[in-house]
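Reader: Can you walk me through the packing and the charged pairs in this one?

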Amino acid sequence: ALPAAVPADWERYAVLGLLGRGGMGTVFKARDRRLGRLVALKFIRGDEPHLVTRLQQEARAQARIDHPHVCKVHEVGEVAGQAYIAMQFIDGQPLSAVHGGMTLDAKVMAMVAIAEGVHAAHRQGIIHRDLKPANVMMECDAAGLWHPYVMDFGLAHDTTVVNGLTQSGALLGTPQYMSPEQARAETKKIDRRSDVFSLGAILYELLTGHAAFEGNSLAEVLMRVLEQDPAPPRGSR
């Protein structure tokens, strides 16, 4: 269901269904009543001011990135006191759900496109900090070609803006794809190289079928990120 305060007869968007829920927000498929296009609407969970600020920061950061493999932001707004982002609707599935059925060539080409999208973000001073297969949406065209889109800039750091949203010592990202500096919660040392490490972890999983760093608990995964190298891909399939 939509946030309770959002009117069912909202004149801006017609909400068509739920797309997914994440740690910070809920995303719906909707139709823009003015332009007639489909969009993905993201609402934050709760009404804490810092979450609203985070949502707005996410939108501003993502909107600056003009690249065919980064999900576009159309609008940031508020309805009945609820902040939202209207984004490009991508008719597909996460990379985490489809890579098992992709050919090796398709996986390699997808990684090239994903890396180019991340590079475009870096050129704008934006560090994603949570790159993983679940945050890449894959759309398959009529010819059977895959088109990836980097999504979810909710933990992104904009190096061109000074703010206090990220506390020193905060653990940011997803353990299996974190760089060592992220695993140590050294937020001041996280830069574009941290994203490159995460890209490597994604590529490793696409090639081997499993994460580079695995464990039975959060602590075990973090220790492996900090202390061990992943098994060579040729011997870990």
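Predicted model: local features only at pLDDT ≥ 70, side-chain atom pairs only at ≥ 80, totals over all residues.

Reader: Which residues touch the most other members in the largest nonpolar core?

Author: Leu95, Ile114 and Phe153 do, in a core of 25 residues. Helix α3 gives the most to this core, with 7 residues.

Reader: What is Phe153 in contact with, leaving aside neighbours within four places in sequence?

Author: Its contacts include Glu58, Ile65, Val70 and His128. There is also a second, separate core of 15 residues, with Leu51 and Met87 among them.

Reader: Charges now. How many salt bridges are there?

Author: The count comes to 10. In one of them, Asp32 pairs with Arg12, with the closest N and O atoms 2.5 Å apart. Asp32 is in strand β2 and Arg12 in the segment before β1, so the pair ties together parts that are 20 residues apart in sequence.

Reader: Are Asp32 and Arg12 buried or exposed?

Author: Both are buried. They are also linked with Glu75 in a network of salt bridges.

Reader: And what does Lys42 meet in a salt bridge?

Author: Glu58, at 3.1 Å from N to O. Why call Glu58 buried? Because its relative accessibility is 1%, and buried means under 20%. Lys42, at 8%, is buried too.

Note on methods
Residues numbered from 1 in each chain as written. Heavy atoms only, no water. Core = buried A, V, L, I, M, F, W, Y, C linked by side-chain atoms within 4.5 Å. Buried < 20%, exposed > 50% of the residue type's maximum accessible area, 1.4 Å probe, protein only. Helix = DSSP H or I, 4+ residues; strand = E, 2+ residues; numbered from the N terminus. Contact = heavy atoms within 4.5 Å. Salt bridge = Lys/Arg side-chain N within 4 Å of Asp/Glu carboxyl O.
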